[in-house]
Amino acid sequence: RSVRAVVQTRCTSELNPPSTWVSVVVNVLLSATQIAIGILSKSQGLIADGIHSLSDLVADFVVLFASHHSKKDADEDHPYGHHRFENAASMLLGILLLVVGVGMIWSAFMKLRNPESIAQVHAMALWVAGIALVAKESLFRYMLAVAKRVKSSMLIANAWHARSDAASSLVVGLGIVGNLMGYPILDPIAALIVGFMIARMGWEFGWEAMNDLMDRGIDEEELAAIKKTLLETPGVDGVHDLKTRKMGDMVVVDAHIEVDASLTVEVGHNIAVDARRRVMQRHRVLNLMAHVDPSHKADLDHAQV
């Protein structure tokens, strides 16, 4: 219990809700300003960017909700805990980005079909786009630093969502500059580009999260590190059938460890307990189920990893 508590404290309890609340405050101010000034200055790009900022608010609340529920202890219905709330939240963020992006693409496309309806943008839209760019890039750097420190894929996804906002503000700013220079069509083109950027990022986040929910294992490098820890355990002669699956930002491991066939059941059990303890101390492992096999005895489950 103490080992698990240490791991959970490091990888789950350190999810930093204050960082998300900072994002909430920034996005409330930005979305309100961008949409209002976008309407007054007649900039479709700025309005689209404001709607993107508004979608961030929903994303932030999804993160807060998932962060709260992922910390719940295991119960009868969820014997492995609630860590996959994070995976589900990441997929929801991806879907949200995809929907917002497609909506912006459609709106920009309709404008481009009727170029005569594109209005001249007021210069104040450029100032707002510049302020939004600086604010969003600063927010991205802050949130990514927090996400990397606590090793949370959900917070990393939300941080890159903020970076997509910064990129979209840059494109919108360029579109507004073009409009002010006498090329009004550049404003909806900027909105179209932003829509594609957002939709692409949404697809990537959603696809990654879906694979995690389908029990995708960890990468080969991390798998090899866990196997090395098992093999370094005194009494372990070999390891086979090593399998993993993600549980939020944690990992659940199944392994067959090979021990001397002449040992008693109790001694073999103690070796397995020690192997489990070592893995959970050194890696982001929520639980390890170790099956003990006699070494140098060929059997059907000796499919080497």
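Reader: If helices (H or I, at least four residues) and strands (E, at least two) are DSSP runs numbered from the N terminus, which helix gives the most to the nonpolar patch?
Author: Helix 7 does, with 3 residues. This is a predicted model, in which local features need pLDDT of at least 70 and side-chain atom pairs count only at 80 or more, while totals for chains, interfaces and linings use all residues. Residues are numbered from 1 along each chain as its sequence is written, and side-chain values use heavy atoms, leaving out hydrogens and water.

Reader: Which residues make that patch?
Author: Leu126, Val177, Leu180, Met181, Tyr183, Ile185, Leu186, Ile189 and Ile193 make a nonpolar surface patch of about 730 Å². Two or more residues come from each of helix 6 (153-180) and helix 7 (186-213).

Reader: Where does Ile189 lie, and why does it count as partly exposed?
Author: Ile189 lies in helix 7, and it counts as partly exposed because its relative accessibility is 30%, between buried (under 20%) and exposed (over 50%).

Reader: New topic: what does UniProt list as "transmembrane region"?
Author: The unreviewed entry lists residues 21-40, 88-109 and 121-144, though such annotations may be inferred rather than shown by experiment. In the model, residues 88-109 are 100% helix and 0% strand, with end C-alpha atoms 32 Å apart, whereas residues 121-144 are 88% helix and 0% strand, with those ends 34 Å apart.

Reader: And where is confidence lowest?
Author: By pLDDT, the predictor's confidence in each residue from 0 to 100, the lowest is helix 1 (residues 2-11), at a mean of 34, and the highest is helix 9 (residues 265-282), at 94.

Notes:
Patches are made of residues with over 30% relative accessible area and no salt bridge: like charges are joined within 9 Å, nonpolar side chains (Val, Leu, Ile, Met, Phe, Trp, Tyr) within 5 Å. Accessible areas come from the Shrake-Rupley method with a 1.4 Å probe; for residues, only the protein chains shown count as cover. A salt bridge is a side-chain nitrogen of Lys or Arg within 4 Å of a carboxyl oxygen of Asp or Glu. Buried means under 20% relative accessible area, exposed over 50%, partly exposed in between (1.4 Å probe, protein chains only).
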